[in-house]
Amino acid sequence: MAETKTEPAPAAAAEGGSGENHQQQKTVVVVGVDDSDHSYHALEWTVRHVAAGMAGAADLVIVHAKPSPSSVVSFGGPGAGEAMRYVEADLRKMAEAVVDRARRVCIANSVHALIEVVEGEPRYVLCNAAEKHHADLLVVGSHGYGAIKRAFLGSVSDYCAHHTRCSVMIVKSPRPKC
């Protein structure tokens, strides 16, 4: 069962315009975030280049895929229930920190966003969010894995690029300058 928490990120500036026709013409951009610097670089890039640049012509949806406790801990026996409660509490705190950081990025850039926390595997959560919100663009960060590591761990961005109907932007972190 998926847990969904949705909340608007407050905007520092008032939005202009309203009306049903105006809403239908907006570009919808979904951004996946986790607790990595790569995902926040992607969010910051999106806020600077897409959301702020389109000044009210784009709806920004920020999605965090919270792991389920059973995906983190897989043991049974005495004490398993208590361990799961601790894991669930830690995962909830981590999700709250991710949402808080995303909210701060939006506020600092005067951008309004809808923020969702959905329990599940990131690749499926992001593709489902893109479908649910009728996204025109899905933005994800790149961890910069090589081919071998990507083959073993899988790539959320690669999966999304092949399984969602909208365009996918993979934002890479800048390389250090020599």
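**Labels and their cut-offs**

Tutor: Let's start with histidine 134, which is exposed because its relative accessible area is 65% (buried means under 20%, exposed over 50%, partly exposed in between, with a 1.4 Å probe and protein chains only). Histidine 134 is in the loop between H5 and E5, and has a positive phi of about 55° although it is not a glycine.

Student: What should I know about the model itself?

Tutor: This is a predicted model, where local features need pLDDT of at least 70 and side-chain atom pairs count only at pLDDT 80 or more, while totals for chains, interfaces and linings use all residues. Residues are numbered from 1 along each chain as its sequence is written, and side-chain values use heavy atoms, with hydrogens and water left out.

Student: How do you know what counts as a helix or a strand here?

Tutor: They are DSSP runs, numbered from the N terminus: helices are H or I with at least four residues, strands are E with at least two. By that rule the chain has seven helices and six strands, in the order β-α-β-α-β-α-α-β-α-β-α-α-β along the sequence.

Student: What makes serine 110 partly exposed?

Tutor: Its relative accessibility is 40%, so serine 110 counts as partly exposed. Serine 110 sits in the loop between H4 and E4, and its phi is near 55°, a positive value in a residue other than glycine.

Student: Why is serine 142 called buried?

Tutor: Because its relative accessible area is 15%, and the cut-off for buried is under 20%. Serine 142 is in the loop between E5 and helix H6 (147-153). Leaving aside neighbours within four places in sequence, serine 142 is in contact with His38, Ile170, Val171 and Lys172 (contact means heavy atoms within 4.5 Å).

Student: And what makes alanine 130 buried?

Tutor: Alanine 130 has 4% relative accessibility, so it counts as buried. Alanine 130 is found in helix H5, whose buried residues are Arg123, Val125, Leu126, Cys127, Ala129 and Ala130. Outside four places in sequence, alanine 130 is in contact with Val30, Ala135, Thr164 and Cys166. Alanine 130 and valine 31 are 99 residues apart in sequence and 9.1 Å apart in space, C-alpha to C-alpha.

Student: How do you know that E3 pairs with E2 and with E4?

Tutor: Two strands pair if DSSP finds at least two bridges between them. E2 (residues 27-33) and E3 have seven bridges in the parallel sense, and E3 and E4 (residues 113-119) also pair in the parallel sense over seven bridges. Threonine 27 stands opposite alanine 58 in E3, and lysine 66 stands opposite glutamate 119 in E4. Strand E3 (residues 58-66) is mostly covered, with eight of its nine residues buried.

Student: What makes a group of residues a nonpolar core?

Tutor: It's a set of buried Ala, Val, Leu, Ile, Met, Phe, Trp, Tyr and Cys residues joined through side-chain atoms within 4.5 Å. The largest one has 23 residues, and Leu43, Leu60 and Ile62 touch the most other members. E2, helix H2 (37-51), E3, helix H4 (80-108), E4 and strand E5 (137-141) each supply at least two residues of this core. Its largest share, six residues, comes from H4. Apart from it lies another core, of 16 residues, among them Cys127, Ala129, Ala135 and Val140.

Student: Why are tyrosine 124 and tyrosine 159 called an aromatic pair, and which kind?

Tutor: Rings of Phe, Tyr and Trp (its six-membered ring) pair if their centres lie within 6.5 Å; planes under 30 degrees apart count as stacked, over 60 as edge-to-face and the rest as tilted. Tyrosine 124 and tyrosine 159 have 5.4 Å centre to centre and 90° between the planes, so the pair is edge-to-face. Tyrosine 124 lies in helix H5 (residues 122-132) and tyrosine 159 in helix H7 (residues 156-163), so the pair ties together parts that are 35 residues apart in sequence. Tyrosine 124 is partly exposed at 45% relative accessible area, and tyrosine 159 is partly exposed at 21%.

Student: How do you know that arginine 101 lies over the face of tyrosine 40?

Tutor: A charge sits over a ring if NZ of Lys or CZ of Arg is within 6 Å of the ring centre and within 35 degrees of the ring normal. Arginine 101 lies over the face of tyrosine 40, at 4.0 Å from the ring centre.
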